[in-house]
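Here is a protein to explore, one piece at a time. Have a look at the sequence and the 3D view before reading on.

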Amino acid sequence: LSTDELDDLVASTDTGGRIPDSRFVMQLMGGLALAWAVWQVWIASPLPYIFNWGVFPSREARSFHLAFALILAFMAYPATRRSSRHVIPVQDWILGILGVCCALYRFAFDTALGEMVTGSRLSDRPGNPNTIDIVVACVGIVILLEATRRALGPPLMVVAIIFLFYTFLGPYAPGFLAWKGARFGAVAGHQLRSTGGVLRIAVGVATGPVFLLLLFGSLV
């Protein structure tokens with residue numbers, strides 16, 4: 001391998017493959033990563049309960065964890081090998097911001113804001129998603145799949161898509177794999193609104209001990 005190829009390999013491992021030329025963008029990426037790490041340490045410590053401030057329930061913590069991960073994924077990982085490693089294109093900024101909005105949708109719209117925009121809070125309509133809920137869920141899932149492809153490669157994204165389609169095509173599956181299936185709206189609403197979809201146990205574990213293990217392990 002040449003020196004340039006080795007530099008690209010190290011960069012792709014350490015920073016996701018993108019090192020922006022802009023000092024501001026580099027500082028923004030570093031600031032977001034630092035804020036994510038500090039926030040994770042904060043919610044894992046007893047300090048929120050000591051000061052009775054900054055206590056995040058598990059569901060809200062998972063939403064914020066996913067929001068940090070999505071914005072940084074689109075900032076750090078180029079779309080393709082031919083994409084610029086030194087400039088973050090406009091579409092990546094848009095995807096990252098949309099990802100944050102979708103990840104925090106439940107947190108924001110289960111408040112007075114949700115009641116003002118949609119006429120009711122998310123908790124007031126369990127199992128009955130409206131059009132906005134479904135649109136946000138669909139956009140969020142697509143963005144999450146793209147972030148997964150960029151960070152971990154196509155195989156995991158393909159597996160996720162297969163199981164996602166299985167929820168709709170259950171009646172057509174062979175033998176013991178067959179089941180009655182589910183409605184599109186129900187699946188879409190379930191994925192980002194509950195801890196049984198995108199925000200289920202995997203994100204819950206990543207929000208807690210796994211993140212801290214990786215964080216302090218990288219400091220050793």
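What follows is a short tour of the helices, their contacts and their charged pairs.

## The ground rules

This is a predicted model, in which local features need pLDDT of at least 70, side-chain atom pairs count only at pLDDT 80 or more, and totals for chains, interfaces and linings use all residues. Residues are numbered from 1 along each chain as its sequence is written, and side-chain values use heavy atoms, with hydrogens and water left out.

## The big picture

The protein has 11 helices and zero strands. Here helices (H or I, at least four residues) and strands (E, at least two) are DSSP runs, numbered from the N terminus. Going along the sequence, you read the pattern α-α-α-α-α-α-α-α-α-α-α.

Of the 220 residues in the protein, 35% are buried. Buried means under 20% relative accessible area, exposed means over 50%, and partly exposed is in between (1.4 Å probe, protein chains only). Next come contacts, meaning heavy atoms within 4.5 Å. Take those between residues at least 6 apart in sequence: 64% of them join residues at least 24 apart.

## Two helices running opposite ways

Two packed helices are described by the angle between their axes and the distance between the axes. Axes are lines fitted to C-alpha atoms, for helices over the stretch in contact, and angles run from 0 to 180 degrees between N-to-C directions. Angles under 35 degrees count as roughly parallel, over 145 as roughly antiparallel, 65 to 115 as roughly perpendicular and the rest as oblique.

Sorted by class, the contact of α2 with α4 has 17 nonpolar, two polar and no charged residues. For these classes, Ala, Val, Leu, Ile, Met, Phe, Trp, Tyr, Cys and Pro count as nonpolar, Asp, Glu, Lys and Arg as charged, and the others, Gly among them, as polar.

## α4 meets α11

Helix α4 also packs against α11, with axes that come within 9 Å and cross at roughly 80°. These two helices are therefore roughly perpendicular to each other. In α4, Ala61, Arg62 and His65 meet a set of α11 residues that includes Ile201, Val203, Thr207 and Phe211. By class, this contact of α4 with α11 has five nonpolar, three polar and one charged residues.

Now zoom in on Thr207, which sits in helix α11 (residues 201-219). Is Thr207 buried or exposed? Thr207 is buried, because its relative accessible area is 7%. Leaving aside neighbours within four places in sequence, Thr207 is in contact with Gln40, Ile43, Ala61, Arg62 and His65.

## A well-covered helix

Helix α10 (residues 184-193) is mostly covered, with seven of its 10 residues buried. Among the buried ones are Val187, Ala188 and Leu192. What covers them includes α4, α5, α6 (105-109), α8 and α9 (154-169).

## A network of charges

A salt bridge is a side-chain nitrogen of Lys or Arg within 4 Å of a carboxyl oxygen of Asp or Glu. By this rule there are four salt bridges. Asp92 and Arg150 form one of them (2.9 Å, N to O). This pair links distant parts of the chain, 58 residues apart: Asp92 is in helix α5 (residues 90-103) and Arg150 is in helix α8 (residues 131-152). Asp92 is buried, at 3% relative accessible area, and Arg150 is buried too, at 11%.

Glu146 has a salt bridge with Arg149 (2.7 Å, N to O), and another with Arg150, where the closest N and O atoms are 2.8 Å apart. Glu146 and Arg149 are three residues apart in helix α8, about one turn of the helix. Glu146 and Arg150 are four residues apart in helix α8, so about one helical turn separates them. Put together, Arg18, Asp92, Glu146, Arg149 and Arg150 are linked in a network of salt bridges.

Most residues other than glycine have a negative phi, and most peptide bonds are trans. What is the phi of Asn52? Phi of Asn52 is near 55°, a positive value in a residue other than glycine. Asn52 lies in the loop between α3 (47-51) and α4, and Asn52 counts as exposed at 68% relative accessibility.
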